[in-house]
Amino acid sequence: MLEKEIDGFVKRIFEDIGESPSISSGKKYGCYYVSIKNISTPGLFIGKDGTVLRSLQHILNVYAHKRDRNFPMVMLDINGYKMKQIEMLKTIALDAALRVKRTKEPVNLKPMSASARKIIHITLRNYPNIWTYSVGKEPRRYVVVDLKK
């Protein structure tokens, strides 16, 4: 089963550099979610603004999709960093929606990655009388939260 191969691949990456990670995984958030804990230097594997974590996640996705094109996206999390980021983005989205309802003016959020924008869009997709859309070109692309017309 590919899930076990991915878990083993992750474990080998960390063990080869002297870590003894605790790995849990499963289907979550429409992805195959891999959570790594018990890392001695988590900041090293997360990197500034999650850049190293995103790179590791990209490697896992290439590995998984080379083996099975239909496998869901792999989301890699280290010591709950990704979950904290998701919760923060949900809070930003809901705050923006409340501001839009109060002021009746659109709110432009700061530029963010495609995955972060997706979380904003998903968080607000069923929010009453609010819609979201992305504007700009990478890497300055951002989400606008506005009232439905």
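**Entry 1: Glu-3**

I started with Glu-3, and I found it in helix α1. Helices here are DSSP runs of H or I with at least four residues, strands are runs of E with at least two, and both are numbered from the N terminus. A note to myself on the source: this is a predicted model, where local features need pLDDT of at least 70, side-chain atom pairs count only at pLDDT 80 or more, and totals for chains, interfaces and linings use all residues. Residues are numbered from 1 along each chain as its sequence is written, and side-chain values use heavy atoms, with hydrogens and water left out.

Is Glu-3 buried or exposed? Glu-3 is buried, yet it has no salt bridge. Buried means under 20% relative accessible area, exposed means over 50%, and partly exposed lies in between (1.4 Å probe, protein chains only). For a salt bridge I need a side-chain nitrogen of Lys or Arg within 4 Å of a carboxyl oxygen of Asp or Glu. The nearest side chain of opposite charge to Glu-3 is Lys-27, 4.3 Å away. For charge, Lys and Arg count as positive and Asp and Glu as negative, while His and the chain ends are not counted.

I then listed what Glu-3 touches, leaving aside neighbours within four places in sequence: Lys-27, Tyr-32 and Phe-71 are in contact with it. Contact means heavy atoms within 4.5 Å.

**Entry 2: the helix around it**

Next I looked at α1 as a whole. It has 14 residues and reaches 20 Å from its first C-alpha to its last, close to the 20 Å expected at 1.5 Å a residue. That expected span is 1.5 Å times one less than the number of residues.

Which residues of α1 are buried? They are Leu-2, Glu-3, Ile-6, Phe-9, Val-10 and Phe-14. Seen down the axis of α1, these buried residues fall within an arc of 130°, so they line one face of the helix. The arc is taken from the directions from the helix axis to the C-beta atoms. The cover over the buried residues of α1 includes β1 (22-28), β2 (31-37), α2 (42-46), α3 and β3 (74-78).

**Entry 3: salt bridges**

How many salt bridges are there? I got a count of 5, and I wrote up some of them.

Glu-5 and Arg-67 join through their side chains at 2.5 Å, N to O. This pair ties together distant parts of the chain, with Glu-5 in helix α1 (residues 2-15) and Arg-67 in helix α3 (residues 51-67), 62 residues apart. Glu-5 is partly exposed at 28% relative accessibility, and Arg-67 is partly exposed at 49%.

Glu-87 and Lys-90 form another salt bridge, their closest N and O atoms 3.7 Å apart. They sit 3 residues apart in helix α4 (residues 81-103), so about one helical turn separates them. Glu-87 is partly exposed at 42%, as is Lys-90 at 28%.

Lys-149 meets Asp-146 in a salt bridge at 3.1 Å, N to O. Lys-149 is exposed at 84%, whereas Asp-146 is buried at 5%.

**Entry 4: the whole chain**

The C-alpha atoms fill a box of roughly 55 × 35 × 25 Å along the principal axes. Of the 149 residues, 37% count as buried.
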